[in-house]
Amino acid sequence: MRTFPPYRSQVVAEIPVTTRAEREQALAAAGYNAFNLPANKVSIDLLTDSGTGAVSTAQEAAAAAADRSYAGSDSFYRFRDALRELTGYPHLLPVHQGRAAERVLFSSVLESGRISVSNTHFDTTRANVELLGAEAIDLPCAEFGDLDSLEPFKGNIDLDALERLLSGPDGARVGQVLLTITNNGGGGQPVSMANLAAAAKLARAHGVPVFLDAARFAENAWLVIQREAGYADKTPREVAREAFGLVDGCVASLKKDGIAPMGAFIGLTDPELAQRCETNLIATEGFRTYGGLAAHDLDRVAKGLQEVVDPHYLAARAGEAARLARQANEAGVDIVQPPGIHALYLNAGRLLPHLTASRFPGHSLACELYLAGGIRCVELGSLYLGTLDEQNELITPAPFELVRMALPRRVYTQGHYDYVAEILGDIAKNPEQVPGYRIVEAPKILRHFNLRMAPVH
Ligand SMILES: *Cc1c(COP(=O)(O)O)cnc(C)c1O
């Protein structure tokens with residue numbers, strides 16, 4: 001199928017253009033931490049695909065006509081109906097963002113001493129499990145560990161390990177199985193329908209509820225259509241509906257595949273669990289017909305959910321990621337294979353072999369992309385996942401040193417991505433010139449957001 005992005009720019013936002021000297025100054029002032037950079041010093045912002053998508057004229061028109069009634073607003077019914085058509089779940093609760101959905105659901109399902117098991121818990125997801133005194137266990141499939149392997153579903157959960165856990169001595173402590181689609185913490189790789197079905201069956205056989213963390217349900221559906229036997233003729237909506245139907249419910253940030261600046265939801269089949277979540281929601285987020293969201297957010301989501309399952313949109317978006325992956329490879333930069341959709345993960349460890357893990361090659365490459373081209377992205381390596389001693393020296397490195405380039409929805413054109421590839425190519429010509437970094441200051445909790453670093457020349 002030949003495709004093109006099925007939308008055009010109607011209103012545009014100016015991109016800051018900076019000099020290298022300005023960027024050097026801005027990055028030093030930010031303590032060499034991209035989270036501290038003011039956005040007006042960033043040209044191409046690939047920090048996240050969350051809440052950064054471009055909204056459509058249809059979304060803005062709906063937002064302008066939103067109904068702000070406290071209870072039972074029209075906007076809520078449009079939100080609920082869009083989600084019901086998509087998921088089939090009878091119980092749907094709006095929540096302001098994904099991590100709040102996690103908190104509300106998990107506090108009704110887990111408690112101290114219980115276990116949450118996942119293909120990979122996202123960082124806030126893990127934090128919400130641990131804040132309850134419960135334990136978060138990741139069981140990614142074996143192929144996940146091989147960055148170069150072209151296996152189509154490296155986001156899968158390890159079914160044998162799940163079975164062993166459920167029927168082993170800790171089995172009785174398992175409070176939920178949570179399947180993240182696509183597997184964000186696991187390189188953005190998809191989960192197959194066969195894996196979802198088998199994991200759900202195992203969980204049910206042990207009386208454990210199983211949920212999706214469905215932030216990228218549409219992108220997972222698209223990759224299933226491309227890669228899994230028996231799905232080529234289905235629509236993204238059909239595949240997503242089938243995935244939701246395999247499990248007992250979901251939490252989902254709508255800042256990703258809702259293509260909305262803000263929003264999330266909890267979907268459930270069990271009325272009793274839904275009632276407990278609703279009570280918690282009303283006490284902590286908002287009434288059940290707005291859940292901490294403004295009415296215009298509910299309406300943007302209702303439209304965004306229709307736009308995101310358009311196969312032309314998904315084909316163009318997947319094509320964009322695949323093209324940038326190819327360009328990176330041609331420039332001599334390896335990425336985690338096969339490319340997914342929402343982000344590319346650059347193998348910084350391999351590009352910068354002169355830097356040991358304790359000099360944080362992923363962070364070095366991310367800083368270099370900013371200094372050379374005003375491109376902002378984030379390290380996923382020892383800085384984020386490694387363990388440090390009291391002097392902030394690295395004790396245990398992460399298994400990989402990666403940089404995540406997240407691709408916001410409908411925001412950048414091929415021209416922007418060509419520029420990103422050119423900058424990457426410039427860096428890859430003289431990788432040994434890229435300096436390492438050391439930690440100057442690191443808080444104990446959520447350290448990657450608040451670190452201060454310095455280059456080591
Ligand atoms: C973004 C994300 C979340 C958290 O959602 P927020 O809306 O950012 O709070 C949870 N899980 C996954 C897989 C995500 O990508």
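Student: Is I259 buried or exposed?
Tutor: Keep in mind that this is a predicted model. I259 sits in the loop between β7 and β8. Its relative accessible area is 1%. The cut-off for burial is under 20%, so I259 is buried.

Student: What is the phi of I259?
Tutor: I259 is not a glycine. Even so, its phi is positive. The value is about 45°.

Student: Which residue in the loop between β12 and β13 has its place there, and is N392 buried or exposed?
Tutor: The loop between β12 (387-388) and β13 (394-396) holds N392. N392 is another residue other than glycine with a positive phi, near 65°. Its relative accessibility is 16%. Burial means under 20%, so N392 counts as buried.

Student: How many residues of strand β8 are buried?
Tutor: β8 covers residues 264-268 and is mostly covered. A264, I266 and L268 point one way. F265 and G267 point the other way.

Student: In which sense do β7 and β8 pair?
Tutor: β7 spans residues 249-253. Five bridges link β7 with β8. In one of them, C250 has G267 as its partner in β8. The sense is antiparallel.

Student: Which residue of β8 is the bridge partner of P94?
Tutor: Strand β2 covers residues 91-95. β2 and β8 run antiparallel, joined by five bridges. The partner of P94 in β8 is F265.

Student: How many residues surround the ligand?
Tutor: The closest are G98, R99, D213, S253 and K256. By class, the shell divides into one nonpolar, seven polar and six charged. The number that surround the ligand is 14.

Student: Which helix gives the most to the shell around the ligand?
Tutor: Two helices, α4 (98-109) and α5 (123-131), each supply at least two residues. One of them gives three residues, the most to the shell. That helix is α4.

Student: What percentage of the ligand's accessible area does the protein cover?
Tutor: A nitrogen atom of the ligand lies 2.7 Å from an N or O atom in the D213 side chain. Ligand oxygen atoms lie 2.7 Å from a polar side-chain atom of S253 and 3.0 Å from a side-chain N or O atom of K256. On its own the ligand has 380 Å² of accessible area, and the protein covers 97%.

Student: What is the relative accessibility of T125?
Tutor: T125 has its place in helix α5. Leaving out residues up to four places away in sequence, T125 touches E102, F106, L178 and D213. T125 counts as buried because its relative accessibility is 0%.

Student: Where is T182 found, and what is omega for the bond from I181 to T182?
Tutor: T182 is in the loop between β5 (174-180) and α7 (193-205). The peptide bond from I181 to T182 is cis. Omega is near -25°.

Student: Which residue does a cis peptide bond join to Q337?
Tutor: Omega of this bond is about -20°.

Note on methods
Residues numbered from 1 in each chain as written. Predicted model: local features only at pLDDT ≥ 70, side-chain atom pairs only at ≥ 80, totals over all residues. Heavy atoms only, no water. Buried < 20%, exposed > 50% of the residue type's maximum accessible area, 1.4 Å probe, protein only. Helix = DSSP H or I, 4+ residues; strand = E, 2+ residues; numbered from the N terminus. Pairing = 2+ DSSP bridges. Near = heavy atom within 4 Å. Polar contact = N/O pair within 3.5 Å; in protein donor to acceptor, adjacent residues only side chain to side chain. Areas by Shrake-Rupley, 256 points an atom, 1.4 Å probe, with all protein chains shown as cover. Nonpolar A, V, L, I, M, F, W, Y, C, P; charged D, E, K, R; others polar. Contact = heavy atoms within 4.5 Å.
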